[in-house]
Amino acid sequence: MAISDIESETPLLDDTMVGVVNYRGFPAKRSTSGGWRSASFIIGVELAERIAYYGIGFNLISYLTGPLGQSLAVAAQNVNTFNGTGCLLPLFGAFIADSFLGRYRTIVIASLLYILGLGLLTLSAMLPSLSPSYSQNNDNSPSQFQVVLFFFSLYLVAIGQSGHKPCTQAFGADQFDGQHPVECKAKSSFFNWWYFGLCIGLSLAFLILSYIQDNLNWGLGFGIPCIVMAAALLLFLLGTKTYRYAINTNVESPFMRIGKVFVAATRNWRIGPPLKAAEEAAGGALPDHHGSHQFEFLSKADGSKEDGKACSVSDIEEAKAVRRLLPIWISSLLFSILPAQLSTFFTKQGTTMDRTTGLGFDIPAASLQSLNTIAIVIFLPIYDRIIVPIARQLTGKPSGISMLQRIGTGMLLYVISIIVAALVEMKRLKEAEEHGLVDTPNATIPMRVWWLVPQYVLSGVGDALTMVGFQEFFYDQVPNELRSVGIALYLSIFGLGSFLSSFLISAIDKVTGGDGQDGWFSDNLNKAHIDYFYWLLAGFGLSGLAGYVYFSKSYIYNKKVLA
């Protein structure tokens, strides 16, 4: 995947850009700002940030069930709650960035909070060895202060991520001009490279930090992500002089403008759509809005200007663009439960299986998640450099296939991965029964851990298609001033998915594990039935996919050039 030299293909007359400035506040020049030059800094920042975040998140269930002594069901709920919070809070961070601080300042402030949270998390993991009362205890249970400090620090990290995650990706995509013929293609490629860098960070976290945390020390395992996050902030600041900074020409907040459209349309619900809006749409005055004829209810916001409260046609079309996203967002929620299992039950499956290597060490169960990211790292270059160019020639679309087609294909692969996981779990339970290990929860099942490879690889390819597709779709289809919010909307899908997963686990555990029975999520995995849960998830995933396909067929992109 060679990075193109965009600037060499740009005429000098096209050098000064409109709507963006450099770090001094002057109009940005295409030849000296933005492009891959700036995006490379930001992709590097994302790589480091993912090492920091997943350095604590991917093995969190092991820390909760180990040093903190929680049960499997409670630990899985806590992991899902943390992941869900980390994906929903970016809506707040994006709102702050798009309405008040701007993306650059939000990233810097969020990074400082991130580093503080990781530092306190490291301290919480080191406290037992420093506390006199702990050393006098025989039960090795953590103190209440340690538990409180741990969860406070954990959610401080989530708050830091809420500003960092949506703004960094949107800021990176801002370095490309979507209206420029060369940079438009580069922007589409940027999302692939962004996720590629993200997965490199994940792989490093899985392979290195999981070994440190499981075999050396949790304090060191949490301390390294803190150092890496500090390095990420430094790298981001080093690129300051190369960035393009979008300027907001509207004094009024985009949230206020769009909100007024819905309020005005509700107020004027009795009247028909105004003639002006209909004439402009019919006469081609709105060339960029392909869905102007949709949601005529919102066109009623362009009523009489006598009261000074009428909304402009541009504001109405922005509101329609946001409204158009809702069916896609809602229909994706059932699917979003599936990826939440990667860091919980997929990992716990691996802990019971034969993980020996013949080299004198066992493969850490959490590091198996690296198979998912390795699949992504291998697939993304193939997709970007081979599949997309071929599809581009066949379809004439800049990205080969539409964003919604890409997402739907990834969803299908993810459902297949859950079905495979259910079949593997059924075999694991059968092996435990045949070898008389059902009542021995700590025994190693004589079944090689490589049986888990297909489900990790399928979910990895599904991730490469679905996650990148969601990122590009929600960034591209929201109004320009709400692009941080667009990224946050994509994240919120999986945040709610984590909460839904947590709710399902809690409800199922109460129903199946009551009266002292071994439920689906028994601490003894040899008596549990995670396979039943996987089959239930596969049903949810197929139902969600059916709804997604239905709404995708009627979706109208809000730009002529489809990404």
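This is a predicted model: local features need pLDDT of at least 70, side-chain atom pairs count only at pLDDT 80 or more; totals for chains, interfaces and linings use all residues.
Salt bridges with shared partners link Glu46, Glu49, Arg50 and Lys165 into one network. Across the whole structure, a search turns up ten salt bridges.

Helix α1 has 23 residues, which should span 33 Å at 1.5 Å a residue, and the 32 Å between its end C-alpha atoms agrees with that. Most of α1 is covered, with 17 of its 23 residues buried.

Helix α7 is built from 30 residues and runs 44 Å from first C-alpha to last, close to the expected 44 Å. Where does α7 bend? The bend is at glutamine 161 and comes to about 35°. The rest of the structure largely encloses α7, because 23 of its 30 residues are buried.

Helix α16 (residues 403–434) holds glutamate 425 and arginine 428, which are three residues apart and so separated by about one helical turn. They form a salt bridge whose closest N and O atoms are 2.8 Å apart, and both residues are buried.

Glutamate 431 and lysine 427 also belong to α16, four residues apart, again about one turn of the helix. Their salt bridge brings the closest N and O atoms to 3.2 Å. As a handy reminder, an α-helix has 3.6 residues a turn, so residues three or four places apart point the same way.

## Space inside

How many cavities of 30 Å³ or more are there? The count is two, and the largest cavity contains about 600 Å³ of space. Its lining is made up of 30 residues, with Tyr54, Cys87, Pro339, Met467 and Phe494 lying nearest the centre.

Several helices give two or more residues to the lining of the largest cavity, including α1 (35–57) and α7 (144–173), along with α3 (72–88) and α8 (181–215). Others that do so are α15 (370–395), α17 (453–477) and α18 (483–512). By residue type, that lining divides into 17 nonpolar, ten polar and three charged residues.

Conventions:
Residues are numbered from 1 along each chain as its sequence is written. Side-chain values use heavy atoms; hydrogens and water are left out. On a 1 Å grid over the protein atoms alone, a cavity is a set of points where a 1.4 Å probe fits but cannot get out, and a pocket is an open set with protein on both sides within 12 Å along at least five of seven lines; lining residues have an atom within 4 Å of a point. Grid points are joined across faces, edges and corners, and a volume is the space filled by probe spheres set on the points. Ala, Val, Leu, Ile, Met, Phe, Trp, Tyr, Cys and Pro count as nonpolar, Asp, Glu, Lys and Arg as charged, and the others, Gly among them, as polar. The expected span of a helix is 1.5 Å times one less than its number of residues. The bend at a residue is the angle between axes fitted to the seven residues ending there and the seven starting there. Buried means under 20% relative accessible area, exposed over 50%, partly exposed in between (1.4 Å probe, protein chains only). A salt bridge is a side-chain nitrogen of Lys or Arg within 4 Å of a carboxyl oxygen of Asp or Glu.
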